[in-house]
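Subject: Handover of a structure, with notes

Dear colleague,

Please find the structure below, followed by my notes on what turned up when I went through it. I would be glad if you read the notes with the structure open beside you.

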Amino acid sequence: MKVTFLGTGTSQGVPVIACECEVCVSINAKDKRLRSSVMIETEDNVFVIDAGPDFRYQMLRAKVKRLDAVILTHAHKDHIAGLDDVRAFNFIQKKAIDVFAKEDVCNQIRNEFSYAFAIYKYPGVPEINLHSIVSDFTINNIKITPINVMHMQLEIFGYRIGDFTYITDANYISDKEKEKIKDSKVIVLNALRKKKHVSHFNLEEAVALLEELKPERGYLTHISHMMGLHQEVEKELPSFIKIAYDMLTIEI
Ligand SMILES: [Zn+2]
Ligand SMILES: [Zn+2]
Ligand SMILES: [Zn+2]
């Protein structure tokens, strides 16, 4: 299984429009972050977790030629805004794209992309097959386990696929849900910045949780410009934890 980080930035991305802080003006490519998403490639499947506003450019940048499914964590715009651009894959593959999400997220997709679900559709709208999920599901024989995590008051999904767990936009995970993550070789966790935040883990909380869960490798994502320079922050971390960066690929 190959995982590519298509984006590792928080909702505003990095650089932030009109910001001239040292991170936003950094010339290090690792300080440039599109909105958070990963692509997972197995022998027979290519799918992404989340399709935010940068989805189109992410598909172009990673030269993605085929997409079997989109799995969504939650319906915040930085995770769904790019869904319209699955049209390109509809045209090439001559079929609808399967989109998997929690029921409340499916409902929000139906509202926000209502034109794609109209009875009489305008020609060329995205073709989306929505699948409401509550527990383990499969995409072409790949088992995917949703993990319930809290994003402040909102219960959203992280996902475990084999030895890989991806959790974004969380600030609390119950012990029961942690059991589902245990023994993952690779865990990706969101860490927004150093300062405490109401709806995301900060750096200290994410590191503490990774130290508790003890994967072989931990990666941090959904990073804000307030986290500091990639190069500087990474020096402060335990050796098994890295800050993910755009287009990083890992094999599991
Ligand atoms: Zn987000
Ligand atoms: Zn900035
Ligand atoms: Zn969110």
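A residue is called buried here if 20 or more other C-beta atoms lie within 10 Å of its own, exposed if 12 or fewer do, and partly exposed in between, the C-beta atoms being placed from the backbone. By that rule Tyr 219 counts as buried, because it has 25 C-beta neighbours inside 10 Å.

Before going further, please keep in mind that this is a predicted model, in which local features need pLDDT of at least 70 and side-chain atom pairs count only at pLDDT 80 or more, while totals for chains, interfaces and linings use all residues. Residues are numbered from 1 along each chain as its sequence is written, and chains are lettered from A and ligands numbered from 1 in the order in which they are written.

The sheet around Tyr 219

Helices (H or I, at least four residues) and strands (E, at least two) are DSSP runs, numbered from the N terminus, and on that numbering Tyr 219 belongs to strand S12, which covers residues 217-221. Two strands are said to pair if DSSP finds at least two bridges between them. S12 is part of an open sheet of seven strands, ordered S7-S8-S9-S10-S11-S12-S13 and mixed in its pairing. At its edges are strand S7 (137-139) and strand S13 (241-243), each of which pairs on one side only. From one strand to the next the twist averages 25°, where axes are lines fitted to C-alpha atoms, for helices over the stretch in contact, and angles run from 0 to 180 degrees between N-to-C directions.

Strand S11 (residues 186-190) runs parallel to S12 and is joined to S12 by five bridges, with Val 188 standing opposite Tyr 219. Helix H6 (residues 203-213) packs on this sheet, where H6 touches S11, S12 and S13 and makes about 160° with the direction of S11. If contact is taken to mean that the C-beta atoms of two residues, placed from the backbone, lie within 7 Å, then Tyr 219 is in contact with Val 188, Lys 242 and Ala 244, leaving aside its neighbours within four places in sequence. Ala 244 is 25 residues from Tyr 219 in sequence, and their C-alpha atoms are 5.5 Å apart in space.

The other seven-stranded sheet

A second open sheet, also mixed in pairing, is formed by seven strands in the order S6-S5-S4-S3-S2-S1-S14. Its edge strands, each pairing on one side only, are strand S6 (128-132) and strand S14 (249-251). Neighbouring strands of this sheet are turned against each other by 20° on average, direction ignored.

Strand S5 (residues 97-101) and S6 run parallel and are joined by five bridges, and Asp 98 has Asn 129 in S6 as its bridge partner. Helix H4 (residues 103-112) lies across S5 and S6, running at about 155° to S6. The β-α-β crossover that takes the chain from S5 through H4 to S6 is right-handed, a term used when, with the strands pointing away from the viewer, the path from the first strand over the helix to the second runs clockwise.

Loops and backbone geometry

Which residues deserve a look in the loops? Ala 18 is found in the loop between S1 and S2; although Ala 18 is not a glycine, its phi is positive, about 70°. Ala 18 counts as exposed because it has 6 C-beta neighbours inside 10 Å. Lys 94, in the loop between helix H3 (87-93) and S5, likewise has a positive phi, near 55°, in a residue other than glycine, and it counts as exposed with 8 C-beta neighbours inside 10 Å.

Ala 75 lies in the loop between strand S4 (69-71) and helix H2 (77-80). With 19 other C-beta atoms within 10 Å, Ala 75 is partly exposed. Leaving aside its neighbours within four places in sequence, Ala 75 is in contact with Ile 80, Val 105, Gln 108 and Ile 109.
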